[in-house]
Amino acid sequence: MIAAPHIRRARSVRAIMYEVSLALVPAALAHVWFFGPGLLLNTLIAACVALACEAFMLTLRGQPRQPYLQDGSALLAAVLIAFALPPLTPWWVTATAAAFAMIVAKHLYGGLGFNTFNPAMAGYAVVLVSFPTELALWTQPRGEHDALSWLHTLHVTFTGALPDDLSWDHITRATPLDSVQTGLTQGAMLSELLLDPRLSAYGGHPWITINVLIAIGGVWLVFRRLISWHIPIGVIGGVVLSALAGRMIDSDAYSPVFFHLLSGSVMLAAFFIATDPVSAATSRRGKLLYALGIGVLIYSIRAWGSYPDGVAFAVLFMNMLVPLIDHFTIPRAYGHAR
């Protein structure tokens, strides 16, 4: 047994942010393998804009720039925005998402440690609502089409036009979530839709691989005690319970559990987005309630909403409820009234 005193050295914000970002590296490499280098280019654009906006806002607020620019929070927000965007997103859409995340969602609420909403999801939600056409163009994964080269990706990202030898119909297709939602809306049976080999194994091989690697990175963060298990378990539990209820109601109209878990952004939300320590609930009970609400909302938006995935809206809505959740779940200090 280790002798007392049992005092742990506090981790710096910078160390936490960079370690969380590194946990996404395996999933990012898989993403690049399947969908081309668009994720890396989006990350670079988002990071440059986020850091520039951070420096601008810190200057306006009269705060020192160097400590905040080096703490890694802007970089992590940029990485999460890039993961949410399609690989060939125009540069100005990525820049808009990063700028909104830093200027409005982060600094207008007081900066690091004071933001009510998750900055990355706020930025992504704005461009999702504002530019739905640009955010619907997901490239086909490797195996269905050769991944685009760096040269082609740069050309499309900065000009918005494809090279003469390519067409959008040739290189893009709907995501598994979008395909199923559209098919069900048009009256198709779920059992028929899942016979499509591109949706085989509940979501398609590329999406499963990326989501499993995201989950492995998230489990590593739990093991390192950078995040608590309550929020990941709550988000996944909310999706699983909702999906099981849907299957009990009509198994040919509501997608299976593993389709929901491994074909969209549930794993990213559970381990890397909802766990934002600033915008999430504080107590253990509060974290479970907050995360369960996100899971249920993700499923509800997918099943009955207009968007095939609902992570951004679910997280932002539950961010709004955090003060209420904290009010009823933070334990009363001995000798003090609530």
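# Reading a predicted model, feature by feature

Colleague: Which residues form the nonpolar patch on the surface?

Modeller: The general idea comes first. Patches are made of residues with over 30% relative accessible area and no salt bridge; like charges are joined within 9 Å, and nonpolar side chains (Val, Leu, Ile, Met, Phe, Trp, Tyr) within 5 Å. Accessible areas come from the Shrake-Rupley method with a 1.4 Å probe, and for residues only the protein chains shown count as cover. Here the patch is formed by Leu40, Trp91, Trp92, Trp150, Leu154 and Phe158, which together have about 590 Å² of accessible area.

Colleague: Which helices each supply at least two residues of the patch?

Modeller: Helices are DSSP runs of H or I with at least four residues, strands are runs of E with at least two, and both are numbered from the N terminus. The helices in question are H6 (91-106) and H8 (150-159). Trp92 is a residue of helix H6.

Colleague: How many helices and strands are there in the protein chain?

Modeller: The protein chain has 18 helices and zero strands.

Colleague: Does Trp92 count as buried, partly exposed or exposed?

Modeller: Buried means under 20% relative accessible area, exposed means over 50%, and partly exposed lies in between (1.4 Å probe, protein chains only). Trp92 has 34% relative accessibility, so it counts as partly exposed.

Colleague: How many salt bridges does the structure hold?

Modeller: A salt bridge is a side-chain nitrogen of Lys or Arg within 4 Å of a carboxyl oxygen of Asp or Glu. The structure holds three. In one of them, the side chains of Arg224 and Glu19 meet at 2.6 Å, N to O. This pair links distant parts of the chain: Arg224 is in the loop between helix H13 (205-223) and H14, Glu19 is in helix H1 (residues 13-22), and they are 205 residues apart. Arg224 is partly exposed, because its relative accessible area is 30%. Glu19, at 17%, counts as buried.

Colleague: Which residue forms a salt bridge with Lys106?

Modeller: The partner of Lys106 is Glu54, with the closest N and O atoms 3.1 Å apart. Again distant parts of the chain are linked: Lys106 is in helix H6, Glu54 is in helix H3 (residues 38-60), and 52 residues separate them. Both partners count as buried, Lys106 at 3% relative accessibility and Glu54 at 1%. There is also a salt bridge between Asp309 and Arg302, whose closest N and O atoms are 2.9 Å apart. Asp309 is buried at 19%, and Arg302 is buried at 6%.

Colleague: With which residues is Ser255 in contact, leaving aside its neighbours within four places in sequence?

Modeller: Contact means heavy atoms within 4.5 Å. With those neighbours left aside, Ser255 touches Val180, Leu190, Ala243, Arg247 and His260. Ser255 sits in the loop between helix H14 (230-249) and helix H15 (257-262), and at 7% relative accessibility it counts as buried. Gly234 lies in helix H14 and is in contact with Leu288, Ala291 and Leu292, again leaving aside neighbours within four places in sequence.

Colleague: What radius of gyration would a compact globule with 338 residues have?

Modeller: The radius of gyration is taken over C-alpha atoms, and the globule rule is 2.2 Å times the number of residues to the power 0.38. For 338 residues the rule gives a value near 20 Å, and the protein chain has 20 Å, so the two agree. Along its principal axes the C-alpha trace spans about 65 × 50 × 40 Å.

Methods. Residues are numbered from 1 along each chain as its sequence is written. This is a predicted model: local features need pLDDT of at least 70, side-chain atom pairs count only at pLDDT 80 or more; totals for chains, interfaces and linings use all residues. Side-chain values use heavy atoms; hydrogens and water are left out.
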